[in-house]
Each structure stands twice: as structure tokens, then as C-alpha cells.
Amino acid sequence: MPFFIGFVAILLVGWWWFPRVLFSVEQQPLRFSHLVHVDDAGMACEDCHYLNEDGSFSGLPSTESCAECHTEAMGEDPEEQRFIDEYVNEGKEVPWLIYQDQPDNVFFSHAAHAAQDCTTCHPDVGGSDTPPLHYRNKLTDYSNGGYRIVFGRGVGVDPAYSRGTMKMWECERCHAENGQSNACYVCHR
Amino acid sequence: MNRRTFLSFAAGAGAGLMITPIPWKLTDDISIWTQNWKWNPKVPKRNVFFAEMASKLDPAGTGVRVALVDGVPVGLASSQDHPLSGGGVSALAAAEVGLLMSPARVRQPLVRTEAGLAPISWSDAEALLAEKLGRAEGDVAMISGDDTGTANEVFAALMHRLSGSFYMMPGEAQSAHKALEKLGGEGHLAYDIEGADYVLLLGADALESSGTAVRNARAFSQSHPSGQPATAKYVYAGPVLNNTAVVCDQWIQARPGAAASVALGLAHALMERGATARANGLDAFRRDVAANYSPARIERETGVRADTLRKLAAELAAAKRPLVIAGSEFGQGAGARALMAALGLNAMLGRINVAGGVKIVPEAPAVVQGAGSAASRYSADLVPFLKKLAEGKASAGVLMVYDANPAYALPQAELMAQAVRRAGFTVSFSSFMDETAELADLVLPSSMALERYDDVYTPYGAGQAVYSLNRPLARPAFDTRATADVLLSVARRLDIDLGYLAFKDVLRAKAEALGADWKALGRGAVWTSAATTELVPDLSAAAAPAPRAQGEGLLALAPVAKHNLGSAKVALPPLCAATVRGSDLMVQMNAKTARQSGVAEGQAVRLSGPGGEMTARVHITEKVMTGVVAAPLGFGHTAWDEYSRGLGDNAYKVLAAADDPETGLSVWSDTRVNIATA
């Protein structure tokens, strides 16, 4: 009986308590609604997220580009007014939390991965009214869109679920599956 | 709980632990944690924005392309399209980003108190400066080291209104302005090096530290395509096989400061071949050249053999588009004579205002009333003034220093530092805590080029008129301001109306006066003009006897300037720290000179010259001509940061300037020193 109690107790600790201690949960600084922009305003993903001419990726729109429409409130949402007061009028950039923040030792080119669907790596937020919570690993600062551990393809995070900071094995697996080089210098330059 | 129960519980927990993520996840995360230390600075993850700007650290105004993320500069590369870079970048221009966060930067205004320099607010600092300037009216002097900026107009106009004196730090631009003035011209000396098929460099280290060196190096590279015959011949005459000489097609050994003599010796040899020139005062020029610059005498005085000189003259005469560029080997102290002589030689070759020759580029129109012309701003000679100040024979109630470090980078550096101390109230506008700022009573830190509005108009040696505008691309790293804006504000406090509220307005007026598109300039475009000013040089004074060498030593001192070691304004940039090994300064001489001087490789020595002494170690190399000791500049800093302080000794201390009353510009490119074991 004590063996069973110890066994179950540590399972609870490991699977319930440990993730909650390891990860901090943060909300985006603004409740940005993709739904409103896509459905109501009829905007396309590429209006805000696009490749520059030089191949670099413009992933987050600047406050200046948001202010092309939002110099004054267009709706009645208090979050929009807060955005105008705190960021547009102050000339500040919104410190968005990035779900797929990769470490500095990795070079990643969006241009080279343009044939992939965005949701292969990113959470599908195009239809969201509230951005997903941002989970940050307190030890590594790596991010996760959510936290669920599965068995099989490496112990850690289910990439199909989390869409968080990508681990090296995930990059390598996709490269191997698509016949791309896995040489060190491909990503570590 | 007994022992058995506890052990059973622990065994269950241990077994269960293996199928929880705790050991596996923690092991993985700890390995990542140790590879991405949180205290290491991270590259900000925002859009990368590229912008063009012209370097102000590089005296050649090289164009660079800066990468910025959210107002933070994260990288710098060469600018492909800028006419002064053409895809190249110098070590000084490359330091524009790295030096923003240099530990030597002055982070806020400072005022001298009994306890040393202490922080002061900008408002109080401006009020203090206004009060001091108001009291010292008529006894005010300002030194500027910015050879390309319109900011000088603001400073000169303010000095004019305060009945003060305005000085430029000596350098190639001053030599060029003075030489042109003495020959009856006005404007900027420009060299169409791309169009020349024979380039003779007399002393001027044109591929490393002289003129538009990056552009010159590109021109050299294009004229020497790999695996194909060269389309132009480059010849360097100087005492050291420096970075220019080492790639040139020919190195001719000539003693330090010999540029004027060699140029006039060549004129003599050309005259022997019947050459003439479209110039005034030709008879006096011919007479002086014939009397004082025969090839035999040149061989005796400069070390250039008479037959080599005649062969050079024949090659110049045979070339279709020859170009002669003269100067000091280290960019300072050439006076006016080397450039006057070279202009005379170029005139004899018919190479003034023609393709591949010397171009006289017009001055940019002045836009600040009272600033005078560029030539007038270069007319006063700084070194004699500072000497008199140090000796108590002149006074300066307020001495303001902008973009210059006279306490370090002038001949007799220790005497120059004394002059700064002797001034009634010294104000440094340096971005960095340099030797002059350390002595100042008030330090009003200037924003760096990436943080401020500024401009670059036709650096010395550019092939044509060039104008670039810099705008604040980066957020100021510290509490600094553009000096021109500070002095416009101080002028208002003194009820002096200079016609502008902000320096940006001055620059807009400058762009308009030039006919440049302000918006295009703001996007990084460069305005150029091929217009030239007519010059029929008056050569009557171009071959007058030059001042004698300074010092009675047995060896000639050849200071060597390299951009990776900094400049007269900037100490060794941190990014170049790896290019310096050890902490000793190595002076170089060949084996014969070492034998004659009784010194050996690695030996500690003391060089004593007319300006003072310096210590160094000896390195023996055949890259230096006999009778010459070469000393790199940029060492011996007592201020700055841990990268540059405490490395070797300062060669400027040994130099001393000779007066040259006829040109009004001191000369210190020919200094004799003695060497002794330390």
C-alpha cells in the first residue's frame, strides 16, 4: 500500500504540480481579436504578416502600421481605446509575447519555409477572439502555446498541440521528412 | 510510519518518478539553461529595418547600411550604392554601432566639482555655459574636429557673434584648404582616382587612412582585377611599407615628410623634359624648383634616388591620365606645402579639373549667417594657439572642444593637455570620456551619428561633390544631445539669434541650398554633383623652401596611422581589440638601423624627440627604410576604456610642430628622434 501511495503521489506531482511550477502563464499585453480583423474588417493574413523584399519576415505589425486605421477608436471595445492611449499616442511598440521565440543560436528564415502552412509551426489563431495564453519555461525562457506531454516522439511537448519554441529534434525531423539537409550550419550560423 | 513503510513509499515514488516528466524534462531544460544564459544580451525579436547613413567616425564619410530592430542597431554592413564606399567599409565606420554602448561613453552631462566630475542636468549645464560665455565674450575659442559637417557653421557663427576664435583640428582637409588658398583657389580638393591610369601617392596613405580611403581601395581593386593585367599603375613613395604601399605596384623609399620635396623634384625632372603648365607665377616656380629641387639634392634629402625620380617623371609624362596625391604619411602635420607642390605637379601634367585628375569641388553654400566660408574656418592654425595658451602667452576664458581630442592627438601632446588645463573654463562635447573630456570643467556629451541629425559634405579627396544626411535612426543610448542643438539653445539664452531653432532646420536649409531633395536624403539617398571650380593656380609660392625638420636626432620618426587602431578622435574600437596583441608599443626599424642604433629585437627603448619622450619595444622588419623608426599611432591612451587604456605609449608626445609663416600652417611630418635603451 505505501508503495502504491508513493507511486500515485509522485505521478500527481510530476504530471499536475510540476508543469504548473515550471511554466509561468502570461497574457498578451492587449486582447487582440484576429476574428474582428479577418471576419469584420475583411483583412488577409498577409496585410500584417509578410515577407520583406530582402527575404526577412515582418511577423508583427508595428504600432505605426496599426495606426494607419487606429488613430482614433473605430469600435467600442475598451481594449482598442487602451491600445490607442497607451501605444499609438505614446509612440510605443506593443511588447507582444511570441509563442515561437527561437533562441539566438538558431538562424531561421521564413522565406525558406514559405511553402509550409503557417500552422505547421504556429498556433492557428486566425479565428481567435482572444489570444492564447503564453506559457514561459522559467528555466529556459522557451515558450509554449500550451503544455501537454505525450509519449512517443521525444518526451516533452507535443508539437502538434503546443506550437511553442521548437526544439532541435523537431526541426531535424521535418528537414529529414522533407529531404532537407540537417547539417549544423543550416541553422547554426 | 516505520522504516519498512517509508522505504516502500520511497520505492513507489522512485518508480513513479521515472514515468513523470520531472527527471527527463529537468535534464533537458538544465542543458538548455546552461547554453542560453539569461544574462547574455539577446537580439530583440522585431522586424529588421535597414537604413543607410554616412559614418562620422570615419573621416572619409563612408556610407554604411545599418540594421535596426525596434530602434536598436544590431548590425552594420557596407553600403553598395554610396559613392564613397562602393561596397567597402572601414574599421572606423564599422565601429559606429559597437561604440554606441562603449564603456567610455559619457552617459549624462557632467560638471567639475571638488570631488571630480559630477552629473548635472542639461538645463543647468546650458545655463552654466551661457553664463560663462556671456562673461568671457571676446575671450572664447572653439575647436572642431568635424571636417565634413554643417555643424561647423553653427559653431563658427556663434564664435563670430561672441568675438571669439574658431579653430579646426589640423588634418588633411585643412592642408587642402590652405594649399588651395595659397594657390589662389577655393573649394575642396578631390581626386578622380577611378579615372586615373597612373596614381602616384607621395606619403598619402590613400588606401588605409588618407582621404576617401575605402573608395580609393575599391578603385585600386577594380584597376587590379584578379588574374588579369592591371589597368592602372599605383606607386607609393614613403618611409614605411604600410597598408597602401604593400599592395601598390611599386614602393619607393622616401623619408618621412618628403612629399613636397619629391613632388618638386619630379617637377624639376619634368621641366628638364620641357614640360610647362597653365598657371600663373610659373617663372618664380621654375626658378625655385631649378634652384632647390634638383634630383641630386632630392636624393640627398629624401632618399629617393635621382635615376628613380627621373624614371618616375618619365612614367608620369607617358601616362595618359596620371594623378599625383600628396600628404602626410599619418594624415596630420603636412602643412600646406606638400599639397601645394602636388597641385603644381598636377598642373604641369595638365591634370586639374580633367577626368582622372584633381578636381576642385565648389564649397557648399553657407546657410548660417556669420559662419563665413569653409576656407575661412580653416584659416586659423590651432597648434601655435594652444602652445601659447599652455605657455601663458594667450588666453581663453572659455575653450570649447567638439569632436576632437587635442589633449592626445596633437604634437607635444603633453603641452596640448597643459593648454586645455590653462583655459579658464573648458567644455568638452565629446561622446566619449577621452583625454580632453577628463580635463574639462563641463562635459556635454554629444549624441553619436546614429542618434542625431547630421550631414557629410565632400570629405577631402572625394572624386566629386557628395552630400549625405544622417537622421536619428537609433534611440539615444544615454542622456546625450546633438551639440549643434545644444549651442543653438545656449545662443538663445545669450539672446543671440543664429537664424534657426533646431539643427535639423539648418540641415534642411543646406539641402535646399545645394538643390538636394530633402526627403530623398532622409531615405538615405546621396546627392552628388560633378560641378568643378575653375582653377589657374598661382605657383609663385608653390616651390618656396620648406621649414626644416624638427629635432636633432639621428633617426627620422614615421608615425603610422591605421584605422583599426582608431584615429585622432577615437581610441581603439572594441571590435578591433583583437588586432592588438600584448600591451607594449612596438616601434619598427630595419636591421641596419637597429645595428647602427645599437638596439635589438624586443628590446625596450626610449625615443626622445623635440616634443618629448616615449617608451616602446623594438621590432626589426625590412618594411621600414634605413634611418627611419616607425611608430604606430593610437596607443598610450590614459582615458577611454579598458580596451584602449594602458596600451603602449603615445607617439604624438614626441612630435613637435615647426612654424611656417609663409603658409600660416604648422608642419610636423618631419621629426627627428634619438633612440636609447630604456
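Of the 189 residues of chain A, 13% count as buried, a residue being buried if 20 or more other C-beta atoms lie within 10 Å of its own, exposed if 12 or fewer, and partly exposed in between, with C-beta atoms placed from the backbone. The model is a predicted one, in which local features need pLDDT of at least 70 and side-chain atom pairs count only at pLDDT 80 or more, while totals for chains, interfaces and linings use all residues. Residues are numbered from 1 along each chain as its sequence is written, and chains are lettered from A and ligands numbered from 1 in the order in which they are written.

Chain A has seven helices and five strands; helices (H or I, at least four residues) and strands (E, at least two) are DSSP runs, numbered from the N terminus. Along the sequence these elements run α-β-α-β-β-α-α-β-β-α-α-α. As for contacts in chain A between residues at least 6 apart in sequence, 56% join residues at least 24 apart; here two residues are in contact if their C-beta atoms, placed from the backbone, lie within 7 Å.

Now for the pairing of the chains. Contacts link 29 residues of chain A with 29 residues of chain B. On the chain A side, helix α1 (residues 2-22) supplies the largest share, twelve residues. By residue class, that side of chain A splits into 17 nonpolar, eight polar and four charged. Ala, Val, Leu, Ile, Met, Phe, Trp, Tyr, Cys and Pro count as nonpolar, Asp, Glu, Lys and Arg as charged, and the others, Gly among them, as polar.

Chain B comes in domain 1 (3-35), domain 2 (48-101), domain 3 (110-173 + 363-529), domain 4 (182-358) and domain 5 (555-677), with bounds from an automatic or database domain assignment. The C-alpha centres of domain 2 and domain 3 of chain B are 22 Å apart, and 22 residues of domain 2 are in contact with 19 residues of domain 3. On the domain 2 side, the elements giving two or more residues are β1 (48-54), β2 (63-69) and β3 (72-78) of chain B, and β1(B) has the largest share, four residues. This side of domain 2 divides into 14 nonpolar, five polar and three charged residues.

Elsewhere in chain B, helix α5 (residues 151-161) is largely enclosed by the rest of the structure, because nine of its eleven residues are buried. The buried residues of α5(B) include B:E153, B:F155 and B:M159. Just after α5(B), B:S163 adopts a positive phi of about 55°.
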